[in-house]
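Me: I would like to learn how to read a structure that is new to me. Please take it one feature at a time.

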Amino acid sequence: MPNAATREAVKRLLGPRWSVRLRCWLDGKPVPRWGNLRRTRPFSARFGMDRGTPVDRHYLHQFFERHQRFITGDVLEVHQPVYTARFGSAVRTSHTVDIDPRVRPTYLCDLAAPGDVIPAARYDCFLIHNTLHLIADFEAALRAAARAVRPGGVVLAATPVLMPLDSVAPAEYWRPTVGGWRTLADRTWPGCEVTVRAHGNCLVAVAAMLGLAAEELLPAELDAEDPHYPVLVTAACRKLAA
Ligand SMILES: C[S@@+](CC[C@H](N)C(=O)[O-])C[C@H]1O[C@@H](n2cnc3c(N)ncnc32)[C@H](O)[C@@H]1O
């Protein structure tokens, strides 16, 4: 074992980069082979949408699939009724809400302050994905979402965590973790049955940062769950029947 002075001399000689590489070799730790991943600009600036399915959407689709039985009856969705049409069954009414008049939603309002624009207890299901992190008053939006569903109805919500920020959105405010979501749900959805889950792992998070698509990973790689690397957090809130 070389003494401290020799180790310091070797480190000075090699410089920091090669010193770390040498230490990894000596400790038997793998060194990364970056290839064309060594880049400061992503492969896609649109979450991989121009290559395939954005990785967070992969988990979002699985979430809606798992909760498909609740997407029925009177369904409200943010923006356009894309997922109501895709995952819903026996849908009686399909309505939308958005703050942007260009979307021509059923309810044109700020979800954080909808007043009486959205009728209370009108819906069996409210799909609110990729939106709450864009709303400064997250808690007010959660209260409004719960108000819109009737007893026995569900709110299916999802927010990104380890995903790039949206370059088109005017602002992004929140990236709640599972713990953050549980705290918010306790405050805003009392008396509801709430299930919060994280989806993702370090590889999927790297793919997300680089703008790679879900199809560029293997199913087993997408399925591996590491709670320390949440790419998407989903929350299902069931309003208990009175
Ligand atoms: C990224 S889209 C999400 C839904 C879209 N169908 C999707 O799949 O990504 C977010 C939508 O939330 C809307 N939005 C943002 N802030 C809002 C607010 N405070 N109240 C209501 N809608 C809001 C935006 O106008 C936008 O249409």
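Reply: What follows covers the ligand and its surroundings, then the aromatic rings. Keep in mind that this is a predicted model.

Me: Which residues come nearest to the ligand?

Reply: Begin with the list of neighbours. There are 14 residues around the ligand, and Arg57, His79, Asp98, Asp110 and Leu111 come nearest.

Me: How do the residues of the shell divide into nonpolar, polar and charged?

Reply: The shell around the ligand holds six nonpolar, four polar and four charged residues.

Me: How much of the accessible area of the ligand does the protein cover?

Reply: Compare with the ligand on its own, which has 590 Å² of accessible area; the protein covers 82% of that. The space that the ligand takes is the largest pocket.

Me: How many aromatic pairs does a search of the whole structure find?

Reply: The search finds eight aromatic pairs. One of them joins Phe63 and Phe64, with 5.6 Å centre to centre and 35° between the planes, a tilted pair. Trp181 and Trp189 also form a tilted pair, at 5.9 Å centre to centre and 40° between the planes.

Me: Why does Phe63 count as buried?

Reply: Buried means under 20% relative accessible area. Phe63 counts as buried because its relative accessibility is 2%. Phe64 is at 0%, so Phe64 counts as buried too. Trp181 and Trp189 are both buried.

Me: Which residues form one aromatic cluster with Phe63?

Reply: The cluster consists of Phe63, Phe64, Tyr83 and Phe87.

How values were computed
Residues are numbered from 1 along each chain as its sequence is written. This is a predicted model: local features need pLDDT of at least 70, side-chain atom pairs count only at pLDDT 80 or more; totals for chains, interfaces and linings use all residues. Side-chain values use heavy atoms; hydrogens and water are left out. A residue is near a molecule or strand if one of its heavy atoms lies within 4 Å of it. Accessible areas come from the Shrake-Rupley method with a 1.4 Å probe; for residues, only the protein chains shown count as cover. On a 1 Å grid over the protein atoms alone, a cavity is a set of points where a 1.4 Å probe fits but cannot get out, and a pocket is an open set with protein on both sides within 12 Å along at least five of seven lines; lining residues have an atom within 4 Å of a point. A molecule sits in a cavity or pocket if more than half of its atoms lie within 2 Å of its grid points. Ala, Val, Leu, Ile, Met, Phe, Trp, Tyr, Cys and Pro count as nonpolar, Asp, Glu, Lys and Arg as charged, and the others, Gly among them, as polar. Rings of Phe, Tyr and Trp (its six-membered ring) pair if their centres lie within 6.5 Å; planes under 30 degrees apart count as stacked, over 60 as edge-to-face and the rest as tilted. Buried means under 20% relative accessible area, exposed over 50%, partly exposed in between (1.4 Å probe, protein chains only).
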